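Here is a briefing on one protein chain. Look at the structure first, then read the points below.

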Amino acid sequence: RYLRTLYLGLQSRWQAEHRRRHFYWRMMFESADISMLRLLETFLKSAPQLVLQLSIMVQQNSIEPLQGLSASASLVSLAWMIASYQKVLRDSREDKMPMSYKGAVVQILWHLFTIAARAIAFALFASVFQLYFGIFIVTHWCIMTFWIIQGETDFCMSKWEEIIYNMVVGIIYIFCWFNVKEGRSRYRMCIYYIITLSENAALTVLWFLYYDRKTTSDFDALILVCVVSSSFALGIFFMFIYYCLLHPNGPMFSPRAGGCIFRQRPAPAPGPPADAVTSPPRSLPRTTGGERDGAPGERDSCVPV
């Protein structure tokens, strides 16, 4: 896929003027697909590894330099991939406003702190209640997957592929918010973070009541509780910064006033209004059939979706 993207990018430079836009947008769609695959891969590999590493650190009450470096790399990769996917996906949609680099940085910080709080809460609870932690993760995944399926996403070409995709995205929902449906997402996001806050608080409190006093002092335990709460609060703070100041469509919290600080709403981008972009619609060029062969068609004109 990387080679395919490079090939399409070169074609967008070498082809005649009337064909350049065709190859350019095909390159952007391919890049968005790559970002989605990397996002799923990162959460399937780095997220469980991060929780395992943190759990071992809590049980041993010590942090080795390589352990800390590996856990930090896993955490950064998770936050980086979410922001990277959102930016690439917006860039691949002609009907959406692109995300600025400032917005991408703030979105990285938003997910970095919320995922950190989530992972630490998981690690604390798992260090004491291994069996119940597994039951909790499976239950949360099932609920989130059902919620996503009920939202009727539109990413894959068939119903069963869509269900499998929703099941994998349910793993992302174990750790952080990820919008998978076109349209306004503020209410769904608020519900998700209320659930996440309640779960983080419950997991941390249960650990604080039953942790091993022989290996962890009361002062260290109190510090860990403060780290979980302050990290989550920082993540929510950066989320508000992103939506109030740096969202590509302009400030989002005030339909009449145009946002939380501006009095006039910016001119909307062409196309249906939405808080976030989730995936290229099925009508966009994919990498199957005649599109791989470069067959000309109605998409050559690259009109807005």
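The notes that follow cover annotated spans, aromatic pairs and charges over rings.

This is a predicted model. An unreviewed UniProt entry annotates "transmembrane region" at residues 105-124, 131-151, 163-180, 192-210 and 222-246. Aromatic ring pairs come to 23.

**Annotated spans**
- Residues 105-124 are 100% helix and 0% strand. Their end C-alpha atoms lie 28 Å apart.
- Residues 131-151 are 95% helix, again with 0% strand. Here the end C-alpha atoms are 31 Å apart.

**Aromatic pairs**
- The count of aromatic pairs is 23. In one of them, the ring centres of Phe208 and Tyr211 lie 5.8 Å apart.
- The planes of Phe208 and Tyr211 meet at 45 degrees, so this pair is tilted. Stacked pairs need planes under 30 degrees apart, and edge-to-face pairs need over 60.
- Phe208 is partly exposed, at 30% relative accessible area. Tyr211 is buried, at 4%. The cut-off for buried is under 20%.
- A cluster joined by ring pairs holds Trp147, Tyr173, Trp177, Tyr192, Tyr193 and Phe232.

**Charges over rings**
- Tyr211 also has a charged neighbour: Arg213 lies over the face of its ring, 3.9 Å from the ring centre.
- The charged end of Lys87 sits over the ring of Tyr101, at 4.4 Å from the centre.

Definitions and conventions. Residues are numbered from 1 along each chain as its sequence is written. This is a predicted model: local features need pLDDT of at least 70, side-chain atom pairs count only at pLDDT 80 or more; totals for chains, interfaces and linings use all residues. Side-chain values use heavy atoms; hydrogens and water are left out. UniProt positions are given in the numbering used here, feature names are shortened, and annotations may be inferred rather than shown by experiment. Helices (H or I, at least four residues) and strands (E, at least two) are DSSP runs, numbered from the N terminus. Rings of Phe, Tyr and Trp (its six-membered ring) pair if their centres lie within 6.5 Å; planes under 30 degrees apart count as stacked, over 60 as edge-to-face and the rest as tilted. Buried means under 20% relative accessible area, exposed over 50%, partly exposed in between (1.4 Å probe, protein chains only). A charge sits over a ring if NZ of Lys or CZ of Arg is within 6 Å of the ring centre and within 35 degrees of the ring normal.
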